[in-house]
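Please open the model in a viewer and keep the selection panel at hand.

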Amino acid sequence: MKRTAVIDIGTNSMRLMLCKIEGNFIVNKEKELMITRIGRDVSKTGMITEKSFARNIDALKYYKNKADRYGAEKVYAIATSAVRDALNGGAFVTEAKSQAGVDVMIISGDEEAELGLRGVMSEIQNPQETVLVIDIGGGSTELVLGSKEKTEYKISIPAGAVRMTEQFISGNPIRDEDAENMRNRLNELFNEPLEYLGKKRIDRVIAIGGTATTIAAMFHSMSIYDPETVHNTIINSKYIKSIFNKLKDMSVEERWNVKGLQKERADVMPSGIFILQHIIEGLKRDSLVVSENDNLEGIVEKYVLSR
């Protein structure tokens, strides 16, 4: 039985999955998340800040140590939107190798979308079922349409919970004017993809990533996050709209008391929900499914099981 570690360095968080591989299956896995926000101010300055740089190198060291103690034969690490966009993203990759001993791959938006689909499809049995995967991250949103047999469409859009918050939210509670400005920008960014997808056959809409799983955790009023309960939660569009309106009218400190919402996400969560609401309304869908399977499983599917 092979042991593998996978790390995803996202704009808002860094995640680790430790798993065992038997044959062509993940037979055991455990995940951990830290809010490390490497993308803080990247959309404004084009640079990873000195504090964010150091904080994420420290997090990588911690995860690498856990992977070594777990007995992982290999550590796969990817970096997405923030590192991809930052002028000093290459320097971060160099220091990750030098200080933490981790080889980090900066992946494109297209590959990010592909990995999300692979992760979701890893447990879907019907090869003909066509799903739309929505992955709202801190810096970007990936939309990918496909099945186990093929990818029909994929796009990475520069709209994420952190990026939209930094660009449009001037204070909390959120002003109607700020929400309207964000809506106008989302209209510009998502108009063509949503128009295209609206004409396609979609059997299921599946949302992955921190925004989606946090919505599910709030839906279940979780004091302690339970991935098994979150996985395959069905969320209707009315709930998505209502939870945005609830958080919109709160200060960041008031949001700390909302069950299921991590304190570290309280400032950016409304923007992430607003993006999801915009997509669901644009697709004219009544509901979606939240999946715990995402690009971490996708990395294993692509780089371990497919070889």
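This is a predicted model. Begin by selecting Gly109, Glu111, Glu112, Ala113, Glu114, Leu115, Gly116, Leu117, Gly119, Val120 and Met121, which are the buried residues of helix H5.

**The nonpolar cores**

Next, select Ile134, Phe190, Met218, Leu247, Ile273 and Leu288. Within the largest nonpolar core, which has 49 residues, these touch the most other members. Helix H12 (residues 269-283) gives the most to this core, contributing eight residues.

Centre the view on Phe190. Which residues does Phe190 touch, not counting residues up to four places away in sequence? The contacts are Thr141, Leu143, Ile157, Ala159, Ile275, His278 and Ile279.

Another core, of 29 residues, lies apart from the largest one; select Phe53, Ile57, Ala86 and Val102, which are among its members.

**Aromatic pairs**

Six aromatic pairs are present in the structure. For one of them, select Tyr76 and Tyr303: the ring centres are 6.2 Å apart and the planes stand at 25°, so the pair is stacked, the cut-off for stacking being under 30 degrees. Colouring by secondary structure places Tyr76 in strand E4 (residues 74-79) and Tyr303 in helix H13 (residues 295-305), so the pair ties together parts that are 227 residues apart in sequence. Tyr76 is buried, with a relative accessible area of 12%, and Tyr303 is buried with a relative accessible area of 12%.

How far apart are the ring centres of Phe244 and Phe274? The distance between the centres is 4.8 Å and the planes are at 40°, so this pair is tilted. Phe244 belongs to helix H10 (residues 237-248) and Phe274 to helix H12, so the pair ties together parts that are 30 residues apart in sequence. Both Phe244 and Phe274 are buried.

**Charges over rings**

The charged end of Lys74 sits over the ring of Tyr76, 5.2 Å from its centre. Finally, select Arg3 together with Tyr70: here the charged end of Arg3 sits over the Tyr70 ring, 5.0 Å from the ring centre.

Methods:
Residues numbered from 1 in each chain as written. Predicted model: local features only at pLDDT ≥ 70, side-chain atom pairs only at ≥ 80, totals over all residues. Heavy atoms only, no water. Buried < 20%, exposed > 50% of the residue type's maximum accessible area, 1.4 Å probe, protein only. Helix = DSSP H or I, 4+ residues; strand = E, 2+ residues; numbered from the N terminus. Core = buried A, V, L, I, M, F, W, Y, C linked by side-chain atoms within 4.5 Å. Contact = heavy atoms within 4.5 Å. Phe/Tyr/Trp six-rings, centres within 6.5 Å; stacked < 30°, edge-to-face > 60°. Lys NZ or Arg CZ within 6 Å of the ring centre and 35° of its normal.
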